[in-house]
Amino acid sequence: MKPVNAAMSSRQDQFEALVRGHSTDLYRYAYWLCGQEALAQDLVQETFIKAFSALKSFKGGSSFYTWVYRIAVNKTLNFLKQRKNRTAMS
């Protein structure tokens, strides 16, 4: 059974393997966008929380990495937009 399929079957250890396998690349991307280590780590953690809760909606039309990468992109860009809006308002 593929790790994604196993993770979708509520096999937490398999999801942890997916996290270990993809977290470094997602961290690099988030850090490249935000420039802060702790913030990039938080964004990656939030990405995997969102991915885990939405795992049943993963249809497999793309690779798991493509799917979770898109979640990371959206999380990071949304955070940066919110931060920009808060800065502009203050």
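**Helices, burial and aromatic pairs**

Student: Which residues of helix 3 are buried?

Tutor: In this predicted model, the buried residues of helix 3 are Leu 39, Ala 40, Leu 43, Val 44, Thr 47, Phe 48 and Ala 51.

Student: How many helices and strands does the protein have, and in what order do the elements run?

Tutor: There are four helices and zero strands, and from the N terminus the order is α-α-α-α. Of the 90 residues, 32% count as buried.

Student: Why is His 22 called buried?

Tutor: The relative accessibility of His 22 is 18%, and the cut-off for buried is under 20%, so His 22 counts as buried. His 22 lies in helix 2, residues 12–34, whose buried residues also include Phe 15, Leu 18 and Leu 26.

Student: Which residues is His 22 in contact with, leaving aside its neighbours within four places in sequence?

Tutor: With those neighbours set aside, His 22 is in contact with Phe 48, Phe 64 and Tyr 65. Helix 2 also has a kink of about 45 degrees, and this kink is centred on His 22. After helix 2 comes Gly 35, with a positive phi near 75 degrees.

Student: Which residues have the most contacts inside the largest nonpolar core?

Tutor: That core has 20 residues, and Phe 15, Phe 64 and Trp 67 are those with the most contacts inside it. Helix 2, helix 3 and helix 4 each give two or more residues to this core.

Student: How many aromatic pairs are found in the whole structure?

Tutor: The search finds nine aromatic pairs.

Student: Why is the pair of Phe 58 and Trp 67 called tilted?

Tutor: The ring centres of Phe 58 and Trp 67 are 5.1 Å apart, and rings pair if their centres lie within 6.5 Å. Their planes stand at 50 degrees, whereas stacked needs under 30 degrees and edge-to-face over 60, so the pair is tilted.

Student: How do you know whether Phe 58 and Trp 67 are buried or exposed?

Tutor: Phe 58 has 9% relative accessibility and Trp 67 has a relative accessible area of 17%; with the cut-off at under 20%, Phe 58 is therefore buried, and Trp 67 is buried too.

Student: What makes Tyr 65 and Tyr 69 a tilted pair?

Tutor: The centres of Tyr 65 and Tyr 69 are 5.7 Å apart, with 35 degrees between the planes, and this angle falls between the limits of 30 and 60 degrees, so the pair is tilted. Both lie in helix 4, residues 64–89, four residues apart, about one turn of the helix. Together with Tyr 29 and Trp 32, these two residues form one aromatic cluster.

Student: Why are Tyr 65 and Tyr 69 called partly exposed?

Tutor: Partly exposed is what lies between buried, under 20%, and exposed, over 50%. Tyr 65 stands at 26% relative accessibility and therefore counts as partly exposed, and Tyr 69, at 29%, counts as partly exposed as well.

Key
Residues numbered from 1 in each chain as written. Predicted model: local features only at pLDDT ≥ 70, side-chain atom pairs only at ≥ 80, totals over all residues. Heavy atoms only, no water. Buried < 20%, exposed > 50% of the residue type's maximum accessible area, 1.4 Å probe, protein only. Phe/Tyr/Trp six-rings, centres within 6.5 Å; stacked < 30°, edge-to-face > 60°. Contact = heavy atoms within 4.5 Å. Core = buried A, V, L, I, M, F, W, Y, C linked by side-chain atoms within 4.5 Å. Bend = angle between axes of the 7 residues up to and from the residue.
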